[in-house]
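Please examine the sequence and the three-dimensional structure shown below.

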Amino acid sequence: MNINFLVAQTLKSLKLKISVAESCTGGLISKLLTDVPGSSDFFYSGIVTYSNEAKINLLNINSNIISKYGAVSKECAVAMVTGLHKITNCDICIATTGIAGPIGGSMLKPVGLIYTSFIINNNLTVKKIFLKGSRELIRQQTANFCLKFLLTAVTKNV
């Protein structure tokens, strides 16, 4: 069984609602979750905030965070998930930001650098991961990482 179906079953059984704010994954996590029939039982919203302006305007991120740390940073990931949580008040919120490539990387922030952030029952977690591969592979690995982390975190708290 696919991870998205396992996540869906778990969220449905626990009556939890989820929202996602995606940058580098471009809506892939939302797609995977809504591929499951009956996803309206647990899926509240998905927002693709690809540009800095979208992060600021839709998630209410302070522009100083992006100016000081960059859109690909722990600070931005925290601001994204915190903004999403304030807007949706869901049990679970996930945010992704990173560099999927093949261009856009630098020595300090190479292609494959991803920050994911989670609020699960009011507990905030941020993960920094480094991935390799094509743009599509990095996006897919990021989405799968988020779903696996979510499943593990939610089932530990049951």
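Of the 158 residues in the protein, 50% are buried, where buried means under 20% relative accessible area, exposed means over 50%, and partly exposed lies in between (1.4 Å probe, protein chains only). The model is predicted, so local features need pLDDT of at least 70 and side-chain atom pairs count only at pLDDT 80 or more, while totals for chains, interfaces and linings use all residues. Residues are numbered from 1 along each chain as its sequence is written, and side-chain values use heavy atoms, with hydrogens and water left out.

The overall dimensions come next. The C-alpha trace spans about 45 × 30 × 25 Å along its principal axes. A compact globule of 158 residues would have a radius of gyration near 15 Å, and the value of 15 Å for the protein agrees with this; the radius is taken over C-alpha atoms, and the globule rule is 2.2 Å times the number of residues to the power 0.38. The accessible surface comes to about 7,800 Å², of which carbon and sulfur atoms hold 54%; such areas come from the Shrake-Rupley method with a 1.4 Å probe, and for residues only the protein chains shown count as cover.

The secondary structure consists of 6 helices and 5 strands, which follow the order α-β-α-β-α-α-α-β-β-β-α from the N terminus. Helices (H or I, at least four residues) and strands (E, at least two) are DSSP runs, numbered from the N terminus. Among contacts between residues at least 6 apart in sequence, 63% join residues at least 24 apart; a contact means heavy atoms within 4.5 Å.

Is Ser30 buried or exposed? Ser30 counts as buried because its relative accessibility is 11%. Beyond its neighbours within four places in sequence, Ser30 is in contact with Val20, Glu22, Phe43 and Gly46. The C-alpha atoms of Ser30 and Val20 are 6.6 Å apart, although the two residues are 10 apart in sequence.

In the loop between helix H3 (52-59) and helix H4 (63-69) lies Asn60, whose phi is near 60 degrees, a positive value in a residue other than glycine. Asn60 counts as exposed because its relative accessibility is 59%. Asn121, in the loop between E4 and strand E5 (123-130), also is not a glycine and has a positive phi of about 50 degrees; with 40% relative accessibility, Asn121 counts as partly exposed.

Two packed helices are described by the angle between their axes and the distance between the axes. Axes are lines fitted to C-alpha atoms, for helices over the stretch in contact, and angles run from 0 to 180 degrees between N-to-C directions. H3 and helix H5 (residues 74-88) pack at about 35 degrees, with axes 9 Å apart. Lys55, Leu58 and Leu59 of H3 make this contact with Cys76, Met80, Gly83, Leu84 and Ile87 of H5. The axes of helix H1 (residues 3-14) and helix H6 (residues 135-156) come within 10 Å and cross at roughly 35 degrees. Residues of H1, including Ile3 and Leu14, meet residues of H6, among them Asn144 and Thr155.
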